[in-house]
Amino acid sequence: MTVMIEGLRSIKKPFIITMLAVLILGSGLPFVTSSYMLRVLNIAMIAYLCVLSVYVLLGMCGQNSFAQAGLWGVGAYITANVTLKLGFGSIPAMLAAIIGTALFAFVLGFAFFRLRQYYFTFASTQIVVAPIITS
């Protein structure tokens, strides 16, 4: 617990002020822009999250993986099924997709944890290819 508190204290005040300004401006954005612009920003943020995950895995860890695309598809599949077949709204569907995809990635993480270099890349490729082969 003390390590977490020390980590929070190390965050600089300009960073906190910038993040609060982004949060406040972002929350007011739907009231001042068109629905088209909101859709474009939404798609841009989704792409940004995918690029960020590739940066963390490839840039920081040095592992090449194709699992991001597969896990993105798992999240979309869960969201679509919860919304269309179960009749829930979009927010519960997104929460279900987050939890379901996280559990799926957690289980696969145990299987892929010891793989290195090309073996990790080929195993992560199967997350993307396996649903195509089985359908």
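The model is predicted. Of the chain's 135 residues, 13% count as buried.

**Overall layout**

The chain has six helices and zero strands. Read along the sequence, its pattern is α-α-α-α-α-α.

**The core**

Which residues make up the largest nonpolar core? There are six of them: Ala67, Leu108, Phe112, Phe120, Ala123 and Ile127. Two elements give two or more residues each to this core: helix H5, residues 90–112, and helix H6, residues 117–134. H6 provides the largest share, with three residues. In soluble globular proteins, nonpolar side chains tend to be buried together.

**Helix H5**

H5 has 23 residues. From its first C-alpha to its last it reaches 31 Å, close to the 33 Å expected at 1.5 Å a residue. Its buried residues are Ala93, Ala97, Thr101, Leu108 and Phe112.

Buried or exposed? Threonine 101 has a relative accessible area of 14%, so it counts as buried, the limit being under 20%. What does threonine 101 touch, leaving aside its neighbours within four places in sequence? Its contacts are Leu71, Val74, Gly75 and Ile78. Tryptophan 72 is 29 residues away from threonine 101 in sequence, yet their C-alpha atoms are 8.1 Å apart in space.

**The surface**

A nonpolar surface patch covers about 690 Å². Phe15, Ile16, Met19, Leu20, Val22, Leu23 and Ile24 make this patch. Phenylalanine 15, one of the patch residues, lies in helix H2, residues 13–32. Its relative accessibility is 47%.

Phenylalanine 122 has its place in helix H6. At a relative accessible area of 56%, phenylalanine 122 is exposed, because exposed means over 50%. The C-alpha atoms of phenylalanine 122 and alanine 67 are separated by 9.9 Å. Along the chain, these two residues are 55 residues apart.

| Residue | Relative accessible area | Class |
|---|---|---|
| Threonine 101 | 14% | buried |
| Phenylalanine 122 | 56% | exposed |

Conventions
Residues are numbered from 1 along each chain as its sequence is written. This is a predicted model: local features need pLDDT of at least 70, side-chain atom pairs count only at pLDDT 80 or more; totals for chains, interfaces and linings use all residues. Side-chain values use heavy atoms; hydrogens and water are left out. A nonpolar core is a set of buried Ala, Val, Leu, Ile, Met, Phe, Trp, Tyr and Cys residues joined through side-chain atoms within 4.5 Å. Buried means under 20% relative accessible area, exposed over 50%, partly exposed in between (1.4 Å probe, protein chains only). Helices (H or I, at least four residues) and strands (E, at least two) are DSSP runs, numbered from the N terminus. The expected span of a helix is 1.5 Å times one less than its number of residues. Patches are made of residues with over 30% relative accessible area and no salt bridge: like charges are joined within 9 Å, nonpolar side chains (Val, Leu, Ile, Met, Phe, Trp, Tyr) within 5 Å. Accessible areas come from the Shrake-Rupley method with a 1.4 Å probe; for residues, only the protein chains shown count as cover. A salt bridge is a side-chain nitrogen of Lys or Arg within 4 Å of a carboxyl oxygen of Asp or Glu. Contact means heavy atoms within 4.5 Å.
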